[in-house]
Amino acid sequence: MNELLLTDDERERAGARLLALLDGYERGLAKADILPEPDREALAALLATPMPEHGVGVDGMFDRWEDTILPSSTTVAHPRFLAYVLGPPNAIAPYAEAMAAALNQNCNFWQLSPAASVVERSVLEWLASVVGFPSGAKGILTGGGSLATLQALATALHDRVPDFHATGLQRSAAPLVVYTSVEAHRSVDKAAAILGIGLDNVRHIATDVRHRMDVAALRSAIAQDRADGLRPWCVVATCGTVSTGSVDPIDEIADLCAAEDLWLHVDGAYGALFLLSDQMRDLMGGCARADSITLDPHKLLYASLEAGCLLVRDGAKLRDAYAFDSSYLTVADDPLMTDYMDYGPQLSRNFKAFKVWSALQAFGVKAFRDANERTLELAQRLGRGIEETPGLTLLAPVTLTAVCFQVDGYTPEQHTALLEKLAAENVALLGPVVVAGKRGIRACVTNHRTSEADIDLILDRLR
Ligand SMILES: Cc1ncc(COP(=O)(O)O)c(C=O)c1O
């Protein structure tokens, strides 16, 4: 007897319970609490429970899911969950995740995951074509946008620092400097700190009135650092800043990086997949000129967490940064297959590409393009509603789906109280924001389930 297997009856039972759970969850979403009060007693009891020596069986486990886990889980899929840049998963995600777990492909080298290797490559090539990268581009799916940027900057170090694998940053030389804007995501700082660049060597360049990196200020910061004997190394531009959704002038920044011989990374975790719509080319087209770019399929492709993506224009540079010889892991090269352990820091890797690819198979890219265009329109609708309402003021232009506003005369505490009230009344979960020093509220309509009626309900309540 193998204790880790299910009998035929148990398998049938588990399938039936799972389907009932998924169905009930979907049907209950619209009426669910967006931010349920966590059941502290149940969670404390969970924590106090010793590791079970004997299991409770399939039904017991599903009961635990239902009585302990579900009631204290945030309803990210609620149509008025508009906090942060986090959307509900697309509806194929649970099935693809279940199948990926059953297949349990190890996406490190292709012998352990031949179809998965090709699926990941296919997804990466599709995404590279959305960005407009050339055919030599390569990439890898990651645990999210933060990791993609970390892996991009490690690639840039390897490319720009001689003998980087051998000496790292230990050779005595002038510090490398990375430039990003004051609006950049903190994952840029985090990557610089983790990689040993040091936060002292991250320049946060000022932004213009539309919260985009000021290229003149960037140019003078680079000149100043060169004059001071430092080594300007990399610029991280943002395509969709986390607070306001502003898009840096990437074309102009690319010109400057070319003139100054700097690596250009674009953090497109929030915004770059809006490039699925041609109308975004004017705003974001410069992304195609980057040396590397971060995208987040777990945002605008509504993949379930986690699915980030790094693409590097010159794919050989990505491979050079991460490929290490390991005689015990080698199988014969096959031009159809890719060993993803050579494109990132992980060895064992799950099959993230499966859920992205499966959803594109099931729905087609047009469905995602339409959903994203709908969210852009809904954000404009909300922005217009705010502008038309006396007593509410937009804190930033609505470029993508982030809508930042304040209630005139409100203190930070009153804004926090308003956020809590909207959540407690189940009107919406919105998030806090600070724009140019002003505290306010931010709705991020990165939610394919949100409708015009949801936006109007929020506006009505605010009024
Ligand atoms: C601009 C930007 N960069 C990076 C990230 C981090 O992405 P992740 O949460 O996938 O690590 C976010 C998340 O919202 C973001 O908006």
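## Helix pairs

The crossing between helices α9 and α10 is right-handed. This report concerns a predicted model. In that model, α9 covers residues 215-227 and α10 covers residues 250-260. The two helices pack at an angle of about 20°, and their axes lie 10 Å apart. Angles under 35 degrees count as roughly parallel, and therefore α9 is described as roughly parallel to α10.

A second pair consists of α15, which spans residues 365-388, and α17, which spans residues 452-462. Here the helices pack at an angle of about 20°, with a separation of 10 Å between their axes. This angle makes α15 roughly parallel to α17. Where α15 passes α17, the crossing is right-handed.

## The surroundings of the ligand

Around the ligand there are 14 residues, of which Gly145, Ser146, Asp267, Asp296 and His298 come nearest. Sorted by class, this shell contains 4 nonpolar, 7 polar and 3 charged residues. Two helices, α6 (145-160) and α12 (297-300), each contribute at least two residues to the shell.

## Polar atoms facing the ligand

In Ser146, a polar side-chain atom is found 2.6 Å from an oxygen atom of the ligand. For His298, the distance from a polar side-chain atom to an oxygen atom of the ligand is 2.8 Å. In the side chain of Lys299, an N or O atom lies 3.1 Å from an oxygen atom of the ligand.

The cover provided by the protein can also be stated as an area. On its own, the ligand has 390 Å² of accessible area, and the protein covers 85% of it.

The peptide bond that joins Leu305 and Glu306 is cis, with omega at about 5°. Glu306 belongs to the loop between α12 and β7, the latter being residues 308-312. Helix α12 is also one of the helices that supply at least two residues of the shell around the ligand.

The other place is Tyr84, where phi is near 60°. This is a positive value in a residue other than glycine. Tyr84 is located in the loop between α3, residues 57-69, and α4, residues 93-103.

Conventions
Residues numbered from 1 in each chain as written. Predicted model: local features only at pLDDT ≥ 70, side-chain atom pairs only at ≥ 80, totals over all residues. Heavy atoms only, no water. Near = heavy atom within 4 Å. Polar contact = N/O pair within 3.5 Å; in protein donor to acceptor, adjacent residues only side chain to side chain. Areas by Shrake-Rupley, 256 points an atom, 1.4 Å probe, with all protein chains shown as cover. Helix = DSSP H or I, 4+ residues; strand = E, 2+ residues; numbered from the N terminus. Nonpolar A, V, L, I, M, F, W, Y, C, P; charged D, E, K, R; others polar. Axes fitted to C-alpha atoms, helices over the stretch in contact; angles between N-to-C directions. Parallel < 35°, antiparallel > 145°, perpendicular 65-115°, else oblique. Left-handed = near helix turned anticlockwise from the far one by under 90°.
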